[in-house]
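The sequence and structure come before the text.

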Amino acid sequence: MIRTYLPLAVKALLTLAFAAAGIAKLAGAEMMVATFDAIGWGQWFRYLTGVIEVGSALLLWVPGKQAFGAALLVATMASAVAFHLLVLGPSALPAAVLGLLSAYVLYLHRAQITGQPS
């Protein structure tokens, strides 16, 4: 039973977290604008990150595309951890946890990468 419901719960959690964060970035929430100002790459990077987060959250539910969505989220959270450690400050734990959960989903759908049946 846990093999059925744990993956669904993790995907639902990731979808809620990344859809909310991505929408906040795209909507120009003050905190997001300030964060990306601190990064120093310009606001285009906030928009790109928001599109990646929302799009990847949706891909977690598209048959045959879950691994791609999860891989994008792993890469995004690895970057977020790096930015937190190197630029923003020591609050990298939430990004690390979301990255690990995304890696779990990627592991579950690893057969999509190799083309082998799961």
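## Packing of α3 against α4

Helix α3 (residues 43-59) and helix α4 (residues 66-88) have axes that come within 8 Å and cross at roughly 145°. Axes here are lines fitted to C-alpha atoms, for helices over the stretch in contact, and angles run from 0 to 180 degrees between N-to-C directions. Helices are DSSP runs (H or I, at least four residues), numbered from the N terminus. The crossing of α3 past α4 is left-handed, a term used if the near helix is turned anticlockwise from the far one by less than a right angle.

On the α3 side the contact is made by Phe 45, Thr 49, Ile 52, Glu 53, Ser 56 and Leu 59. On the α4 side Gln 66, Phe 68, Gly 69, Leu 72, Leu 73, Thr 76, Met 77 and Phe 83 take part. Contact means heavy atoms within 4.5 Å. By class, eight nonpolar, five polar and one charged residues make up the contact of α3 with α4. In this scheme Ala, Val, Leu, Ile, Met, Phe, Trp, Tyr, Cys and Pro count as nonpolar, Asp, Glu, Lys and Arg as charged, and the others, Gly among them, as polar.

## Basis of the values

The model is predicted: local features need pLDDT of at least 70, side-chain atom pairs count only at pLDDT 80 or more, and totals for chains, interfaces and linings use all residues. Residues are numbered from 1 along each chain as its sequence is written, and side-chain values use heavy atoms, with hydrogens and water left out.

## Nonpolar core

The largest nonpolar core has 16 residues, of which Leu 14, Phe 18, Leu 60, Met 77 and Val 105 touch the most other members. Such a core is a set of buried Ala, Val, Leu, Ile, Met, Phe, Trp, Tyr and Cys residues joined through side-chain atoms within 4.5 Å. Buried means under 20% relative accessible area, exposed over 50%, and partly exposed in between (1.4 Å probe, protein chains only). At least two residues of this core come from each of α1 (2-27), α4 and α5 (93-108). The largest share, six residues, is supplied by α4.

Leaving aside neighbours within four places in sequence, Leu 60 is in contact with Lys 11, Leu 14, Thr 15, Gln 66, Gly 69, Ala 70, Leu 73 and Val 105.

Glu 53 and Lys 25 form a salt bridge whose closest N and O atoms are 3.1 Å apart. Glu 53 is in helix α3 and Lys 25 in helix α1, so the pair ties together parts that are 28 residues apart in sequence.

Are these two residues buried or exposed? Glu 53 is buried, with a relative accessible area of 3%, and Lys 25 also counts as buried, at 7%.

Met 32 is in helix α2 and counts as buried at 12% relative accessibility.

Trp 61 is in the loop between α3 and α4 and counts as partly exposed, at 39% relative accessibility. Apart from residues up to four places away in sequence, Trp 61 touches Leu 8, Lys 11, Ala 12, Thr 15 and Gln 66. Glu 30 and Trp 61 are 30 Å apart, C-alpha to C-alpha.

Key
Salt bridge = Lys/Arg side-chain N within 4 Å of Asp/Glu carboxyl O.
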